[in-house]
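Hello,

Here is the structure I promised to pass on. My notes follow below it, with the cut-offs included so that you can follow each term.

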Amino acid sequence: MKPHKLVLIPTFFLMAISSSCSSNTVEESESFSSFFTDERGIPMALVPSGAFEMGGNNGADDEEPVHALILDDFYIDQYEVTNSQYALCEATGLCDSTTDTSAYESSYARRSYYGNPEYADYPLINVNWDEAIKFCEWRGARLPTEAEWEKAARGGLEGNHYPWGDETPVCEIGARNGARFDDNDACNNTDTVKVGSYSPNGFELYDMAGNVWEWVSDFYDENYYLSSPAHNPAGPEEGMYPVIRGGSWNSSSDHLIVSDRLFNDPKSGSFNIGFRCVRTDTTPLLLPTNVPEGNRSLSLPPKGFASYP
């Protein structure tokens, strides 16, 4: 069993639940566009409503029991929030600076990172939980719940270890089972990589495993799965530490498993924590007709603190 660690730095039941939803659920999901670009020029993908199984039986105790849930439709960012996207919000004064000192302008291995055009499409880091929440709110969005994040990461697969299935992760750019992680061998990575460098999962979401850990809205409770509501669970009402998901560039492959859970101090950002946002008003938003060029901050096409290993 994996130990729980506070990260300071940086099917019958399922069938029964499914049948309890009316057939209109799928029909309603099909009425929504699979993709849209929000008002800030950021591409999002639809995760359709329905049942899925959350948790795992081969990891830490807090991943058990595997339990069936039903979630409503939601849209989620196809990519992790980038440096250039956050800079747009910061320029308005509505988002706090993540670079209070020159040290936070760097990444683990790069002296100049945030604000450097070379890394505009790389994931934002050194962002704490409150800063992530503010950015999502600026977009009319919010952080995903832990259940939403896991359903999105699974990409429509059930019972698999990784977003792409069960194949062992590799670090080759573009690989279907690729991710940015560290195995102290061939994948001895030392920093982040441009978002979208590996193949997407079944929902056309990129980097749901590796690159940076991602904040979610839930507070951590190792026993929450024992009493979690079966419909749209929102996490414990209170707690000390929010959950982070997905693993990062300096995580072992164990932390790339979609059911893996860690937590972090909400006031502490790190060189390997980022986030993405969700929209739950599933009416597709129209791309504004007059979007400033700077708002088209992601050059990729919209197709389609764990410091220990």
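Strand β3 (residues 43-47) pairs with β6 (residues 74-77) in the antiparallel sense over four bridges. Both belong to an open, antiparallel sheet of four strands in the order β2-β3-β6-β11. Because β2 (35-37) and β11 (278-279) are at the edges with a single partner strand each, one side of each has no neighbour in the sheet. Helix α5 (residues 146-154) lies across β3, β6 and β11, at about 75 degrees to β6. On terms: strands pair if DSSP finds at least two bridges between them; helices (H or I, at least four residues) and strands (E, at least two) are DSSP runs numbered from the N terminus. Axes are lines fitted to C-alpha atoms, for helices over the stretch in contact, and angles run from 0 to 180 degrees between N-to-C directions.

**Two backbone details.** Glu64 and Pro65 are joined by a cis peptide bond, with omega about -5 degrees. Pro65 sits in the loop between β4 (50-54) and β5 (67-71). Asn126, not a glycine, has a positive phi of about 55 degrees and lies in the loop between α3 (83-92) and α4 (129-138).

**Confidence.** The protein chain has a mean pLDDT (the predictor's confidence in each residue, from 0 to 100) of 84, and 79% of its residues reach 70 or more. Over residues 1-30 the pLDDT is below 50, and this stretch has 58 contacts (heavy atoms within 4.5 Å) beyond near neighbours in sequence in the model. Where pLDDT is low, the predicted coordinates should not be read in detail.

Best wishes

Notes:
Residues numbered from 1 in each chain as written. Predicted model: local features only at pLDDT ≥ 70, side-chain atom pairs only at ≥ 80, totals over all residues. Heavy atoms only, no water.
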